[in-house]
Amino acid sequence: MSNIEKIRSEIVDFLKQKEPTSYSVRQLSEALHYEEASKFRELIKAIALAEREELIVLNKEGKFRLKRASGTIIGKFRANERGFGFVDYDPNEDDIYVAKEYTGSAMEGDTVEVKITGKPEPWNSKGPEGRVVQVIERNTNRIVGEFFPYDSERREETGFLGYIVPQDNKLNHMVVYVLPDGLQAVEGSIVLAEIKEFPTAENPVGMTGFITKEIGHKNAPGVDILSILYKLGIPTEFPQDALNQAEAIPFEIPQEELENRVDLRHETVITIDGADAKDLDDAISFKKLTNGNFQLGVHIADVSYYVTENSAIDREAYERGTSVYLTAVYVKRCLELIILG
């Protein structure tokens, strides 16, 4: 074995141990101690040899990783509204393009196994292509959509109450057939359904499920917003223990608490929020001092006084740590409808 072949083996062994991390030439030289000029030149030759022998591959970031022997890759499926999709499996690698006819039963966010069918062509910015071999894990088991009921004859014939057309544009080519296990909704209702059977390779557009909540009629005010919240899994109600704690909070401040604080209730303090605001958490005051200067006061609500650590409200606040601005969500939905006609 030549010295170059020996170094090539060192490179391959190192990358096997560090799989799936990718390394630049400089990082490899430091890790394998080939930083001195003559050794570095030999390392370059060994890398070139390993690449020619298809033992390692260069990613789009200019780093090397071990070539995967199996020909299949596991990653997250990202659906497109036009039917095709991409599989994201490594931030340093190009996503794998999956044509519409090869997506199988994969849905948005599913963890899938994909087989590479076309190699990337970096010279024309074309990434790898593949087909979904199997769905390993589903991303969600809930669907929001419009309910279309069957008549009594069709119900008896099929065993289904009707079907649901998902509101998600990435799923609107699919149908959820409604089992009688859950709630019964009326025609035109926007409902939340739990999926019992997902699409299969034989039936890639059909699912079965049952209705768990009737959100409201599609033309009722506010239902469009609620349907988006349910689709995104954003909670619309508070748990009873949190509500009970909130109702039990007294409006009066105990005298012993006042003694430990500076009482500014005699001053004019105003909030910057409107009269219909739900969270009056900050306010300002402004006054002229005896020396002619002006004092601007910034007042911040002491939330920790009311929300104690590990209490029901504290736990619910932790779950709701991200603010969602419904106006922006609604505008996005309107733009989608306009674009799609």
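**Stop 1**

Select K196. K196 counts as exposed, because its relative accessibility is 52% and the cut-off for exposed is over 50%. Bear in mind that this is a predicted model.

K196 and D181 form a salt bridge, with 3.7 Å between the closest N and O atoms. The two residues come from distant parts of the chain, 15 residues apart. K196 is in strand β11, residues 189-197. D181 is in the loop between β10 (175-178) and β11.

How many salt bridges are there by this rule? The count comes to 13.

**Stop 2**

Select R265 and D263. Their closest N and O atoms are 2.9 Å apart, and the pair forms a salt bridge. R265 is exposed, at 58% relative accessible area. D263 is partly exposed, at 35%.

Next, select K287 and E267. Their side chains meet in a salt bridge of 2.9 Å, N to O. This pair also links distant parts of the chain, 20 residues apart. K287 sits in strand β14. E267 sits in the loop between α7 (255-258) and β13. K287 is partly exposed, with a relative accessible area of 34%. E267 counts as partly exposed too, at 21%.

Then select R78, E108 and K170 together. These three residues are linked in a network of salt bridges.

**Stop 3**

K287 has already brought you to β14. Select β13, β14 and β15. They make an open sheet of three strands in the order β13-β14-β15, with antiparallel pairing. Which strands stand at the edges? β13 and β15 do; each has a single partner strand, so one side of each is left without a neighbour in the sheet. Neighbouring strands here are turned by 25° against each other on average, direction ignored.

Look at the β13 and β14 pairing. The two strands run antiparallel over three bridges. Select V269 and you will find S285 of β14 opposite.

Move across to β14 and β15. Seven bridges join these antiparallel strands. Pick D282; its bridge partner in β15 is I300. Now follow the hairpin, which has five residues between the two strands. Stop at G292 in this hairpin, where phi is positive, near 95°.

**Stop 1: a nonpolar patch**

Stay in this region and show the surface. Select I270, I272, I284, F286, F294, L296, V298 and I300. Together they form a nonpolar patch on the surface, with about 870 Å² of accessible area. β14 (282-288) and β15 (294-300) each supply at least two of its residues. Which strand gives the most to the patch? β15 does, with four residues.

Click on I270. This residue lies in strand β13, residues 269-271. I270 counts as partly exposed, at 46% relative accessibility.

**Stop 2**

Zoom in on β3 (residues 72-79) and β4 (residues 85-88). Four bridges join these strands, which run antiparallel. Select F77 to see V87 of β4 standing opposite.

**Stop 3: two helices**

Go to helix α1, residues 3-18, and select R8 there. Is R8 buried or exposed? R8 is buried, with a relative accessible area of 14%; the cut-off for buried is under 20%. Show the residues around R8. Leaving aside neighbours within four places in sequence, R8 is in contact with A46, L49, A50, E53 and L55.

Finish at helix α5, residues 223-231, and select L226 there. L226 is partly exposed, at 29% relative accessible area. Which residues does L226 touch, not counting those up to four places away in sequence? I215 and T236 are the ones.

Terms used:
Residues are numbered from 1 along each chain as its sequence is written. This is a predicted model: local features need pLDDT of at least 70, side-chain atom pairs count only at pLDDT 80 or more; totals for chains, interfaces and linings use all residues. Side-chain values use heavy atoms; hydrogens and water are left out. Patches are made of residues with over 30% relative accessible area and no salt bridge: like charges are joined within 9 Å, nonpolar side chains (Val, Leu, Ile, Met, Phe, Trp, Tyr) within 5 Å. Accessible areas come from the Shrake-Rupley method with a 1.4 Å probe; for residues, only the protein chains shown count as cover. A salt bridge is a side-chain nitrogen of Lys or Arg within 4 Å of a carboxyl oxygen of Asp or Glu. Buried means under 20% relative accessible area, exposed over 50%, partly exposed in between (1.4 Å probe, protein chains only). Two strands pair if DSSP finds at least two bridges between them. Contact means heavy atoms within 4.5 Å. Axes are lines fitted to C-alpha atoms, for helices over the stretch in contact, and angles run from 0 to 180 degrees between N-to-C directions.
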